[in-house]
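Open the model in your viewer and keep the sequence panel beside it. We will take one stop at a time, with something to select at each.

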Amino acid sequence: AQSTLNGRALSLLASSSPNFLVFATARSAPALASLAAASPRPIHTAVVDLSDPAQAAALYPAAAKALCGSEDGCVDVVVNCAGWSNGNRKVRVEDEDLAVWERCMAVNATAPFLISKAALGA
């Protein structure tokens, strides 16, 4: 998927700098293992389904604990780089399935909202 490639590239770029600590997520452990193996510096990883609001909401505290040793954290910047679509197919609105729409919105809008909210301590 295109979003996985973009997230991978961003993670590798950030991990090449000593000024960044990277916590990367994906839906599959092999994708994360491949990313960690390609990284010039250690990357913290977690298998997460961002279409699940509970997993999305729990992500920031887990990342802060892994990166900083505390759920309150030391994170200065959060980059929400996840994305999901149902491919490049063109579907008329009246023909689209509600479950597809809901998954797209959960990953692309709700998850970044919940992660950002947690990062702000709200």
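Two strands pair if DSSP finds at least two bridges between them. Helices (H or I, at least four residues) and strands (E, at least two) are DSSP runs, numbered from the N terminus. This is a predicted model, in which local features need pLDDT of at least 70 and side-chain atom pairs count only at pLDDT 80 or more, while totals for chains, interfaces and linings use all residues. Residues are numbered from 1 along each chain as its sequence is written, and side-chain values use heavy atoms, with hydrogens and water left out.

**Stop one: a pair of strands**

Select residues 23-26, which form strand S1, and residues 44-47, which form strand S2; the two pair in the parallel sense over four bridges. Now pick Ala 24 and look across to S2, where Thr 45 stands opposite. To get from S1 to S2, the chain passes through helix H2 (residues 29-38), and this β-α-β crossover is right-handed. Right-handed means that, with the strands pointing away from the viewer, the path from the first strand over the helix to the second runs clockwise.

**Stop two: salt bridges**

A salt bridge here is a side-chain nitrogen of Lys or Arg within 4 Å of a carboxyl oxygen of Asp or Glu. How many salt bridges are there by this rule? The count is three.

Begin with Arg 103 and Asp 49, whose side chains meet in a salt bridge at 3.7 Å, N to O. This pair links distant parts of the chain: Arg 103 belongs to helix H4 (residues 98-119), Asp 49 sits in the loop between S2 and helix H3 (53-68), and the two are 54 residues apart. For the surface, buried means under 20% relative accessible area, exposed over 50%, and partly exposed in between (1.4 Å probe, protein chains only). Arg 103 counts as partly exposed because its relative accessibility is 22%. Asp 49 is partly exposed too, with a relative accessible area of 27%.

Next, select Arg 92. Its side chain meets that of Glu 94 in a salt bridge (2.5 Å, N to O), and both Arg 92 and Glu 94 are exposed. Arg 92 also forms a salt bridge with Asp 95, where the closest N and O atoms are 3.4 Å apart. Shared partners join Arg 92, Glu 94 and Asp 95 into one network of salt bridges.

**Stop three: the pockets**

Picture a 1 Å grid over the protein atoms alone: a pocket is an open set of points where a 1.4 Å probe fits, with protein on both sides within 12 Å along at least five of seven lines, and lining residues have an atom within 4 Å of a point. Grid points are joined across faces, edges and corners, and a volume is the space filled by probe spheres set on the points.

The largest pocket has a volume of about 1,400 Å³. By class, the lining of the largest pocket has 31 nonpolar, 14 polar and five charged residues. In this scheme Ala, Val, Leu, Ile, Met, Phe, Trp, Tyr, Cys and Pro count as nonpolar, Asp, Glu, Lys and Arg as charged, and the others, Gly among them, as polar.

The second largest pocket has a volume of about 200 Å³. Among the residues lining it are Trp 84, Trp 101, Cys 104 and Arg 92. Its lining divides into six nonpolar, two polar and three charged residues.

**Stop four: along the helices**

In helix H4, select Ala 119, which counts as partly exposed at 27% relative accessibility. The C-alpha atoms of Ala 119 and Ala 64 are separated by 8.8 Å, although these residues are 55 apart along the chain.

Finish in helix H3 with Ala 56. Is Ala 56 buried or exposed? Ala 56 counts as buried because its relative accessibility is 0%.
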